[in-house]
Number of protein chains: 2
Amino acid sequence: MAGRKTAMDQRAQEIFGVACRLLCEMGYERASIRDLAEAVGMTKAGLYYYFKSKEELLFLILDSYMDDLLAGMEEISARVQDPEERLKAYIRFQVERYCEDTYRSKLIINDENCLSGEWFQTVKDKQRRYLAYWRETLERFGQQRGRPIAHLSAHVMLLIGMCNWIYQWYQPEGELRPPELADLIFRRFLHGLDG
Amino acid sequence: MAGRKTAMDQRAQEIFGVACRLLCEMGYERASIRDLAEAVGMTKAGLYYYFKSKEELLFLILDSYMDDLLAGMEEISARVQDPEERLKAYIRFQVERYCEDTYRSKLIINDENCLSGEWFQTVKDKQRRYLAYWRETLERFGQQRGRPIAHLSAHVMLLIGMCNWIYQWYQPEGELRPPELADLIFRRFLHGLDG
DNA sequence: CATTTTCTACCGACCGGCAAGTAGGTCGGA
DNA sequence: TCCGACCTACTTGCCGGTCGGTAGAAAATG
């Protein structure tokens, strides 16, 4: 939410937060703006003071999430040069993001294709840029080891698959804490069960 | 669809098939019974001769998919004893399933929680049984190597994450063919980038 | 300082449309 | 004649979205 915090006033932020939870828990299609209005203690009409349409609301949520994600990736890339360390940082960041922002993390996986037209494209473009961070770092990692990685894109997706699938099962309060999980993913991807 | 083929007549099968495609492509909530009726060349009311409600239709699709999945896992488990080989066969089966039955594969990931009550429980139970196959085999594999796997459940989910995330990116007609992908996943999980 | 205007942040009532689902009829084949 | 396989016509209800209005705070004005 970082980027939008300044522009939106407090009430808008509150609505935004409740919307994330509600849309995530019920799913974008099932959750009606009546539900949302009730949840924030307003009328439906009142909500439309803050956004133009239901789809715009979803866009604002998903787009801001991608902005946060890209900002995090950029920050790491600037700070960490060594590909192996950067990869580790990416994974850790990804797991952290999920834990601290579960609603938006799930939303972007489950409901991204509820967006249409330009909104959809905008979000998709940011996802491409996001993928490029992984891809480039993984490629450099392979080069550094003198073993270029075949099927680079596939490997990127396998790694991201492990990271993103956690939305289906992971409970941060369980026995496995976020940093440990991130570490587990990293080691398994590098060395498999052998390492 | 295997289990249901005998019970349903041909027309029902056709409706079922179109429903899989439509619900998958549009999403369960967005796709209306009207859309489905149009797609199969019937009226909405006519469809209700074949199922009681929209949700039951979704249930039939997802439940039959889980039956097929469980049958496949069971068959492999009976045929392949060695845990490593069995694991490899599971992965291959999983990838094949996705390629040959893309619609239902995506549906069960995207729209399983559109089911409610008993229907939801039934499908969830079958998913638990499905997970148990992986878990048990992975455990035996660890024992066989004399290196029991810590955080067994997490490892199961990481592996399944790689297998299931392919619905987000994999195109069977691309440069990487299904058996190769399955092999890639297997090797990466066992040995990581090292192997 | 008092008064008037303007603006912010909402509300209640309503709209057209489409959703799932149904009641009752029809019609061709066994 | 009867039944399986449909259709027409309909109900009910919620959907996203809009309209005109308004209480109260803030700002402008004399």
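What pLDDT does chain A average? Chain A averages a pLDDT of 93, and 96% of its residues score at least 70; pLDDT is the predictor's confidence in each residue, from 0 to 100. This is a predicted model, in which local features need pLDDT of at least 70, side-chain atom pairs count only at pLDDT 80 or more, and totals for chains, interfaces and linings use all residues. Residues are numbered from 1 along each chain as its sequence is written, while chains are lettered from A and ligands numbered from 1 in the order in which they are written.

**View 1**

**View 2. The surface near DNA strand C.** There are 17 residues around DNA strand C, and A:A45, A:G46, B:S32, B:A45 and B:S53 come nearest. A residue is near a strand if its C-beta atom, placed from the backbone, lies within 6 Å of it. At least two residues each are supplied by α4 of chain A and by α3 (33-40), α4 and α5 of chain B. Helices are DSSP runs (H or I, at least four residues), numbered from the N terminus. With three residues, α4(A) provides the largest share of this surface. By class, the surface near DNA strand C holds six nonpolar, four polar and seven charged residues. Ala, Val, Leu, Ile, Met, Phe, Trp, Tyr, Cys and Pro count as nonpolar, Asp, Glu, Lys and Arg as charged, and the others, Gly among them, as polar.

**View 3. The surface near DNA strand D.** Of the 17 residues around DNA strand D, those that come nearest are A:S32, A:S53, A:K54, B:A45 and B:G46. Two or more residues are given by each of α3 (33-40), α4 (44-47) and α5 (54-79) of chain A, and by α4 (44-47) of chain B. The most comes from α4(B), which gives three residues. The surface near DNA strand D has six nonpolar, four polar and seven charged residues.

**View 4. The contact between chains A and B.** In this contact, 27 residues of chain A meet 26 residues of chain B. On the chain A side, α9 (152-165) and α10 (178-191) each supply at least two residues. The largest share of that side, eight residues, belongs to α9(A). Its residues divide into 15 nonpolar, eight polar and four charged.

**View 5. Helices α5 and α8 of chain B.** The axes of α5 (residues 54-79) and α8 (residues 117-144) come within 10 Å and cross at roughly 20°. Axes are lines fitted to C-alpha atoms, for helices over the stretch in contact, and angles run from 0 to 180 degrees between N-to-C directions. The two helices are therefore roughly parallel to each other (angles under 35 degrees). The contact of α5(B) with α8(B) comprises ten nonpolar, three polar and four charged residues. Among them, B:F59, B:L62 and B:M66 lie in α5(B), and B:W119, B:V123 and B:Y130 lie in α8(B).

**View 6. Helices α5 and α6 of chain A.** α5(A) and α6 (residues 83-100) pack at an angle of about 150°, with their axes 10 Å apart. They are therefore roughly antiparallel to each other (angles over 145 degrees). A:L69, A:G72, A:M73, A:I76 and A:S77 in α5(A) meet A:R86, A:A89, A:Y90, A:F93 and A:R97 in α6(A). This contact has six nonpolar, two polar and two charged residues.

Conventions
Parallel < 35°, antiparallel > 145°, perpendicular 65-115°, else oblique. Contact = placed C-beta atoms within 7 Å.
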